[in-house]
Amino acid sequence: MKVRPCRPLHPAVTTTPNAQARSPAPGALLAAVFVTFALSACGGSSNSSEDDRRAALAQGQQTFRFDTFGDEALWTDTLRMHEVIAGAVDPVTALSVGLKVDLDALPAAVRTAIGDGSIDLGSPATTVALIKLDAVVGIKGSVDTVNGSDQLSRVGITCALCHSTVDDSFAPGIGRRLDGWPNRDLDPGAIIALSPALDAATKAVYSSWGKGRFDPRFNVDGLSQPVLIPPAYGLEGIHRITYTGDGEDLAYWNRYVAVVEMGGQGSFVEPRLNLDIRNGSEDLVSAKLSALQAYQLSLAPPAPPAGSFDAAAAARGKSLFDGRAGCASCHSGPLLTDANERLHPPADSVAEPETPSYAARSATREYRSTPLRGAWQHPPYFHNGAAATLEDAVRLYDTRLGLQLGDAEIADLVEYLKSL
Ligand code: HEC
Ligand code: HEC
């Protein structure tokens, strides 16, 4: 499907047909002709641009959840993960390394069988059956039936592996998809370390990262300092993407990840990092970036659960945030970040110093003030997880910036952060 780059009509133009109906003045008629022309240039009817938007979002969702960009070249041909999964990864093991199961992809009979224990969750064959149903979030496999039994012939990963989780509504790790929520249970390093293609030293590095963390630069510069998987929601209006603000739009980073990390077929060029990477001779990435970006931008940060914070304390906390604690000098505006105006030297991050510095390995060598909407949802905090809770984060600022906040003020600031 083709996504038309059709902009929403300017409000002044969309109101013109009504004006024409009321008073057919020559100017309005001329405007109506212009509108008709603009509409037909845009696909025929005023519904069509909305239809296009919906189609782009649907396509972007499909890409986000199910597209491997041809990265089976890495995960199957090089890392041989299809052998690992089929040989040793039963569902219990898969859930223990943070893989999630999409309840909506499970037929009723399978749900019942999981519920009553008649499906063997200790057998890798069950994992293959789940992959065949497209039910393992972020894992895309090709399953062939050979002599009546299912064989996993190819496997790849999708964006949803790291940037989706489930709501656990059926059982821990099994529920409805929550796209954009970082999977902080996932241990990508532990999964990659299962590959028989890696030497012991490389496996040791991957095994050291831990849950919710991944180093998207390790395979570029050989340094290991994993960062927390961030949310992919709440990014509408923010034009510095990643912890270090490397890209001005999501598509920049989506291309990076698809090609450089996932191993998708396509290219990524970044002179600031001296990178010129081309996988394969086909481009399975570029055409998908626009709809993929539109989908992510449609993902709003989740609202705090009802009753999860004290509103009066949060109001006091907001006054501190905007005033004496000085937070709003960087976490400014409705998005609670100054990202669109500036980035910050590493010394401005209370999670630094660290060795090696993550910023020093990036294209900008700086940090972006993290947007704080939905922060309640994804502890721990800062790029390297320096604070386990929001309270730890506030206490870190208090100590490092010498704010001399009292316990009650710290509690108020925490309630405010929980309310965002
Ligand atoms: C193996 C885990 C993994 C996969 C798969 C993955 N990402 Fe990420 N993603 C990360 C990590 C880790 C970061 C943090 C990197 C940084 O900010 O320097 C990140 C950062 C991002 C960001 C920046 C968020 C922000 O706050 O600016 C976006 C957007 C994003 N990823 C989208 C995607 C998309 C789209 C895909 C699929 C093409 C994808 N990711 C695949 C781990 C992953
Ligand atoms: C000088 C600019 C600056 C000021 C002032 C500032 N921040 Fe930050 N904030 C940042 C930067 C930069 C980051 C990202 C640092 C990193 O990840 O290493 C950040 C990250 C955070 C995070 C982590 C969010 C996440 O999802 O990981 C929280 C929470 C936070 N700030 C709260 C506050 C509070 C509360 C205050 C006031 C006490 C404050 N900040 C003051 C720049 C600032």
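I looked up ligand 1 and found 25 residues around it, the closest being Cys 159, Cys 162, Phe 214, Thr 242 and Tyr 243. I note that the model I am reading is predicted.

I then asked which helices supply at least two residues of the shell around ligand 1. They are H10 (160-163), H14 (250-261) and H15 (289-297). Of the contributors, H14 gives the most, with 5 residues. I sorted this shell by class and recorded 20 nonpolar residues, 5 polar residues and no charged residues.

Next I turned to ligand 2. I found that 24 residues surround ligand 2, and that the closest are Cys 327, Cys 330, Ser 349, Ala 351 and His 383. Two or more residues of this shell come from each of helix H17 (390-400) and helix H18 (407-418). The most is given by H17, with 3 residues. By class, I recorded 15 nonpolar, 8 polar and 1 charged for the shell around ligand 2.

How far should the 12 residues of H18 span at 1.5 Å a residue? The expected span takes 1.5 Å times one less than the number of residues, so H18 should span 16 Å. Its end C-alpha atoms are 16 Å apart, which agrees with that expectation.

I also checked burial along H18. Ile 410 is buried, and so are Asp 412, Leu 413, Val 414, Glu 415, Tyr 416 and Leu 417. I then looked for what covers these buried residues of H18, and the cover includes helix H16 (311-322) and H17. I note that H17 also supplies residues to the shell around ligand 2.

Definitions and conventions:
Residues numbered from 1 in each chain as written. Chains lettered and ligands numbered in written order. Predicted model: local features only at pLDDT ≥ 70, side-chain atom pairs only at ≥ 80, totals over all residues. Near = placed C-beta within 6 Å. Helix = DSSP H or I, 4+ residues; strand = E, 2+ residues; numbered from the N terminus. Nonpolar A, V, L, I, M, F, W, Y, C, P; charged D, E, K, R; others polar. Buried ≥ 20, exposed ≤ 12 C-beta atoms within 10 Å, placed from the backbone. Contact = placed C-beta atoms within 7 Å.
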